[in-house]
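The notes follow the order in which I checked things.

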Amino acid sequence: MESGESQQDEGGVDVDTGKTYCGSETLGKPTDAANVSDDHSQQRPPDSRPTDQPTPQSQPHKTTLFVQVKETQWPIIYSPDYNIGFLGLEKLHPFDSGKWGKVFNFLKADGMVSDETIVRPQEATTEDLLVVHTKKYLDSLRENIAVAIPEWSVTVASITEVPPVALLPNPIVQRRVLKPLRTQTGGTILAGKLAMERGWAINIGGGFHHCSSERGGGFCAFADITLAIKFLLDLRMVEKVMIVDLDAHQGNGHERDFMDMRETVFILDMFNRSIYPHDGYAKRGISRKVELDFNTEDGPFLRAVERHLKQALEEFRPDLIVYNAGTDILEGDPLGALSITPEGIVQRDQMVFEIAKNRTKPIPILMVTSGGYQKNNARIIADSILNLKKQRLIQCQEAEEYLKNKAKQSPSQESSVDTGAANANPTSRRSWSSIFGFKK
Ligand SMILES: [Zn+2]
């Protein structure tokens, strides 16, 4: 399936063959589904260093994002504030801006979780965001989001998975778009800490992998993955992290942010080579690159995930895997342009968790849900989380017992209203190593 080493970095031309790989030339090509590059030697060009870098912090950042979590709560993070409303405009667009709430409701309907047994995150503050972002970038969002994130305009909405926010006045955009994205970002940062404590954590939102410290794009306003990792490095909870980015698109945001930290952050990125963002410069931040052709199917895709993840973990021993589990690889996705079935997505997630867990020293995983906004993505994400539970790759016995006891005590009083009380009465928690028997 893989066609060997390749260095296809600069904007759509295969430097080995001289062939262009954009457009219809590769469409439907049944073979040569993936190419890989393990090249660690590429250097940043001298004239391309980003300006206006955030000031390095001498002290670990103080934050209110790390809310106390009870042992009867799954390390699954969600808030009703995640969901974006555009005064009904979203109905004009295929983008499912309520995906996150639907995932939670499916998990709840299955009986896996309740409002009390998941974790509700805080919104990331400006101070939190400044750990990674430049003030200039955050100011630009405040002034005009469509300028800061050029793809957020009506004219290109159809090609960049973006709702028609440019039609709305900026104060409404701030409230209806940026607040949900800041809350999801707070969720990813909290999930990083929880993953280290419990062995895994899932943020039902997040995965804004096109955003770097100083530039947004592709519906990504905040660099939640970079932020989560920077917080853990500051707290000295991790020394080495692997990002496994299996969204259909290249994760150019975190790649730009960690380009100079390749000893600390190893990036495995599998993506459709022929779609947005075509960021040749950011590819220099990838330690293991797997480029996919249009319409890659389950078999080659899953074999590539298994092979490259296992090989990457032979090369680099992380303290944490940050898994960007975008579902825009799903067949029929107009932006991802791959052909992975719903079952293939469930298998992919299972494989990543199994490989991380079945090591002599299991590796904690932080999973975020990233791209994929067709109407059926929420169901598939929920099915995948339920499958992880069924396979006992994720567990929280205390949460399950809590729900069973509650149902016995008052079977008719189970509330379906999210009270936000999940974090109201914090107690101490057991460490994940004692629950799962992992050795840290
Ligand atoms: Zn994507």
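Which residues in α8 meet which residues in α9? I am working from a predicted model. On the α8 side I listed D298, F301, L302, V305, E306, L309 and K310. Their partners in α9 are G344, Q347, R348, M351, V352 and I355. By class, I read the residues of this contact as seven nonpolar, two polar and four charged.

Next I looked up the geometry of that pair. Helix α8 covers residues 298-315 and helix α9 covers residues 342-357. Their axes come within 10 Å and cross at roughly 15°. Angles under 35 degrees count as roughly parallel, so I noted α8 as roughly parallel to α9. I recorded the crossing of α8 and α9 as right-handed.

I then moved to α9 and helix α10, the latter spanning residues 377-390. The axes of α9 and α10 come within 9 Å, with a crossing angle of roughly 40°. That angle makes α9 oblique to α10. I put this crossing down as right-handed.

For the contact itself, I found P342, I345, V346, D349, Q350 and F353 in α9 against I380, D383, S384, N387 and L388 in α10. The residues of this contact divide into six nonpolar, three polar and two charged.

Last, I checked the chain as a whole. I noted twelve helices and nine strands. The chain has 440 residues, of which 49% count as buried. Taking contacts between residues at least 6 apart in sequence, I found that 78% join residues at least 24 apart.

Conventions
Residues are numbered from 1 along each chain as its sequence is written. This is a predicted model: local features need pLDDT of at least 70, side-chain atom pairs count only at pLDDT 80 or more; totals for chains, interfaces and linings use all residues. Axes are lines fitted to C-alpha atoms, for helices over the stretch in contact, and angles run from 0 to 180 degrees between N-to-C directions. Helices (H or I, at least four residues) and strands (E, at least two) are DSSP runs, numbered from the N terminus. Angles under 35 degrees count as roughly parallel, over 145 as roughly antiparallel, 65 to 115 as roughly perpendicular and the rest as oblique. A crossing is left-handed if the near helix is turned anticlockwise from the far one by less than a right angle, and right-handed if clockwise. Two residues are in contact if their C-beta atoms, placed from the backbone, lie within 7 Å. Ala, Val, Leu, Ile, Met, Phe, Trp, Tyr, Cys and Pro count as nonpolar, Asp, Glu, Lys and Arg as charged, and the others, Gly among them, as polar. A residue is buried if 20 or more other C-beta atoms lie within 10 Å of its own, exposed if 12 or fewer, and partly exposed in between; C-beta atoms are placed from the backbone.
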